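Notes follow in the order I took them.

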Amino acid sequence: MAKVTVDGIEVEVPNGATVLQACEAAGKEIPRFCYHERLSIAGNCRMCLVELEKAPKPIASCAYPVADGMVIRTDSPMVRNARRGVMEFLLINHPLDCPICDQGGECDLQDQAYAYGMDRSRFREAKRSVKDKYVGPLIKTIMTRCIHCTRCIRFSQEVAGVPELGATGRGEAMEVGTYVEQALHTELSGNLIDICPVGALTSRPYAYVSRPWELRKTDSVDVLDAVGCNIRVDSRGPEVLRILPRTNDEVNEEWLGDRSRFAIDGLKRRRLDRPWVRKDGRLAPATWPEAFAAIARRLTALPGHRIGAVAGDLADAEAIIALKDLMAALGSANLDCRQDGAALDASRRDFYLFNTSIAGIEEADALLIVGSNPRVEAPVLNARIRKRAIAGKPFPVGYIGPRVVNLTYPADHLGEGPAALRALLGGAHPFAETLRKAERPMLILGRGAVARADGAAVLAAAWRLAVETGMLKPDWHGFNLLHLFGGQVGALDLGFVPGEGGKDLAAMLAGDVDALWLLGADGFDPARIPPSTFVIYQGHHGDRAAARADVILPGAAYTEKDGTYVNTEGRVQRGYLAVHPPGEAREDWRIIRAFSEGIGRRLPYDDLAGLRARLVEANPVFGTVGTLERRGGADLRGPAGDPAAMGESPFVLPIANYYQADAISRASDTMAECARVYGSGAHARLAAE
Amino acid sequence: MSGGENGGATHAVDEAERREQPAHFAFDEESERRIPDILARYPEAKRASAVIPLLWLVQDQMRRQTGSAWVPKVAMDVVAARLGMAPIRVYEVATFYFMFNTRPIGRYHLQVCGTTPCMLRGSEEVARACRDATGIKAYGETSADGMFTLTEVECLGACVNAPVLQVDLDYYEDLDYESTVRLIESLRRGERPKPGSVTGRQASAPAGERTTLLDVPGE
């Protein structure tokens with residue numbers, strides 16, 4: 001530890017910390033443009049100058065290591081003067097277009113110019129102007145505004161793992177761009193907007209839409225992948241205008257995937273905003289009582305075991321428990337939430353969770369990925385793996401799955417199918433030795449790898465491999481299942497799987513039920529539903545399944561309700577209502593609760609508090625919102641399934657097109673444009689080159 | 001999507017530049033012969049250090065093959081692949097150093113030093129002579145016959161023999177208007193006058209009589 005005095009305040013910081021960190025520890029705010037705590041240090045903007053006693057010149061605090069006994073002043077005349085000088089230089093070539101700049105109101109340069117800027121310029125020469133660059137369909141560039149902090153270059157190289165941005169030319173001719181004018185091949189490109197301290201990189205879909213002070217900001221949680229990124233929903237009136245990540249070091253740090261950020265225009269299109277009832281073969285608009293009556297007529301005439309329910313991938317825990325209770329009241333145990341047919345064992349939590357935890361990835365020292373491309377299935381989680389991979393200490397990564405995948409970090413391709421898993425199990429494969437030798441090895445099993453005929457065998461084999469290679473220890477759990485969407489784990493936690501004597505999805509689709517209640521279930525082909533089955537679709541988008549429905553109940557999307565979601569780690573998080581559902585659409589649990597009353601099977605909760613008490617009763621884990629207890633792998637008994645039953649067919653990745661993977665993103669024009677530009681396999685192709 | 005509502009998402013490499021870029025580049029035998037020597041200078045883990053020598057090799061090969069010493073984009077990609085670097089890292093280096101031409105140039109690259117000592121000794125006259133003799137209007141242009149490209153460079157480090165004109169890799173020193181025109185004329189005829197001082201003085205020895213060490217004993 002080093003003892004440093006900052007403006008008369010004595011602080012102790014670790015050796016190797018920077019002067020800037022010491023100043024922050026003392027509660028002093030240091031202006032900066034190029035410095036970003038999650039990126040390498042560049043030290044090129046010079047805004048963070050401070051005075052160091054006995055040093056002849058001001059020093060760049062972000063790039064200066066502390067030493068014991070340093071005396072630093074952050075607000076002396078010398079410091080203020082130096083920063084004013086830096087600001088004057090920065091503003092020489094920066095345009096005065098704040099009134100039409102989308103960064104206005106949340107611009108670091110604008111803010112700092114208030115503190116250190118002059119009210120006039122002494123620069124009489126011509127300002128330089130720079131041609132705008134093309135970096136993809138999501139980022140708008142106005143490169144004349146660029147102050148060359150190089151944050152975007154470092155982000156794409158270090159965090160996103162796609163070294164495609166750079167600074168070409170030199171001096172006055174220096175320009176930031178790709179040089180070859182192509183879209184950046186990353187699912188994390190939206191973060192460039194956040195990371196750019198000026199208005200050089202802004203959101204293309206959000207261009208000229210709004211000013212930050214016009215927006216109502218609602219903290220929430222993302223459900224479009226299973227990471228559970230913490231987000232802030234910015235809305236104005238009835239419209240969600242943008243989504244930004246919130247910092248949560250344990251989950252998403254401060255990043256967000258492009259689908260989660262940019263699919264929001266899908267919240268306005270193809271919405272179900274009123275109930276519909278099929279009459280004479282055609283869906284016709286209806287009122288709520290008519291829709292309820294149509295369902296009640298049908299359901300009350302059926303015995304419980306002829307009714308089934310399927311929970312969708314984006315459903316909130318409140319709606320899921322309400323539907324489960326309704327089904328119980330109707331006498332049905334035919335429940336399923338595994339639309340992809342994943343052979344998940346819901347009997348124990350650590351059979352289907354990402355047990356290592358996302359932050360725990362950084363402690364791992366070997367990794368095996370089976371049948372998953374985390375880059376596409378959970379880009380932010382993949383960034384965490386990359387962070388670990390480039391952290392210095394060796395981190396061997398093995399990968400079993402389709403050959404042409406670029407994970408953004410080096411990985412040994414061990415095979416394409418279960419054969420490779422079998423070889424590892426035998427211990428014959430050298431990578432098995434690598435895992436065994438590691439102190440904290442981990443395994444990521446893709447949900448796609450168990451969503452196949454021999455899924456249970458693959459699950460059991462992966463578990464056995466975890467046991468054999470010492471991934472399960474009292475203080476370390478290296479077995480991880482990577483889910484795909486925000487509602488999947490919550491449904492498993494609530495036991496939305498076939499109860500005693502209940503039928504699973506495949507049986508329900510085989511004609512074992514006469515009525516099917518789909519709660520936002522768009523994850524399977526509705527053509528598989530037998531023509532005679534009565535289908536109730538409750539959801540927010542007129543996607544695949546709604547067209548097949550006999551009754552449509554308009555529900556709320558994740559930005560339109562107070563909902564509880566569980567991410568792939570098993571972390572319970574809450575989203576909050578940012579805007580109201582459109583038209584006559586209602587929060588999903590209220591719909592189910594209202595329906596239950598209509599058929600005389602009133603569910604025993606009247607408000608959110610009562611419902612959430614029921615959630616905790618169903619699974620105590622719902623009482624631990626926001627926190628996550630790290631699990632150890634003490635119990636080695638594995639999930640049901642026989643590893644020997646694994647077939648031969650290679651693993652197929654579940655998400656072929658990152659940009660259009662769910663009902664919301666399929667309705668989004670922005671995402672359609674991305675899919676067009678990048679193509680469904682553009683990232684994979686890049687790897688093949 | 002090239003523009004969209006952004007309108008200004010223009011391509012830095014515009015159409016004309018795109019057309020002059022060759023579709024293909026591969027090191028020829030001569031270059032391949034030199035590459036192992038270059039790579040051997042750097043540790044295996046720091047192979048990227050060889051980027052400047054390899055780009056230099058590219059430029060030299062282009063001079064041999066096309067008569068124009070420049071580094072096309074495809075060649076940068078070839079260098080990147082050879083050294084295991086991201087292509088953008090090579091683009092950065094190639095565009096940073098003025099000695100790499102990222103666009104085609106004439107057969108002879110006339111580089112006029114415009115830094116203070118040369119300027120005081122008449123580099124503006126040298127530049128004027130270059131313009132007059134080649135028909136070039138301004139720095140950065142190539143003559144209509146494709147023979148010459150004129151650029152202004154910073155100090156070439158030959159101030160004692162100012163003003164200096166660098167033709168490709170050769171220095172011509174002690175120039176004035178007439179001698180510069182003569183030099184260009186002979187280049188045009190395909191001759192390569194001997195590099196160095198055009199007035200015939202030896203290295204940087206005094207231009208006229210010796211002015212110091214006049215009383216050397218024994219002389």
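How many bridges join strand 10 of chain A to strand 11 of chain A? I find 6, and the two strands run antiparallel. The model is predicted: local features need pLDDT of at least 70, side-chain atom pairs count only at pLDDT 80 or more, while totals for chains, interfaces and linings use all residues. Residues are numbered from 1 along each chain as its sequence is written, chains are lettered from A and ligands numbered from 1 in written order, and side-chain values use heavy atoms, without hydrogens and water.

Terms: helices (H or I, at least four residues) and strands (E, at least two) are DSSP runs, numbered from the N terminus. Strands pair if DSSP finds at least two bridges between them. Buried means under 20% relative accessible area, exposed over 50%, partly exposed in between (1.4 Å probe, protein chains only).

**Strand 11.** I placed strand 11 of chain A at residues 230–236, with 5 of its 7 residues buried. Lys217(A) stands opposite Asp234(A) of this strand. Strand 12 of chain A (residues 239–245) also pairs with strand 11, antiparallel, over 6 bridges. There, Arg236(A) has Glu239(A) as its bridge partner. The hairpin has 2 residues between the strands, and Gly237(A) takes a positive phi near 60°.

**Strand 23.** I checked both faces of strand 23 of chain A. Phe479(A) and Leu481(A) on one side are buried, as are Asn480(A) and Leu482(A) on the other. Strand 20 of chain A runs parallel to strand 23, joined by 4 bridges. Gly446(A) has Leu482(A) as its bridge partner.

**Helix 16.** In helix 16 of chain A (residues 505–512), I noted Leu505(A), Ala507(A), Met508(A) and Leu509(A) as buried.
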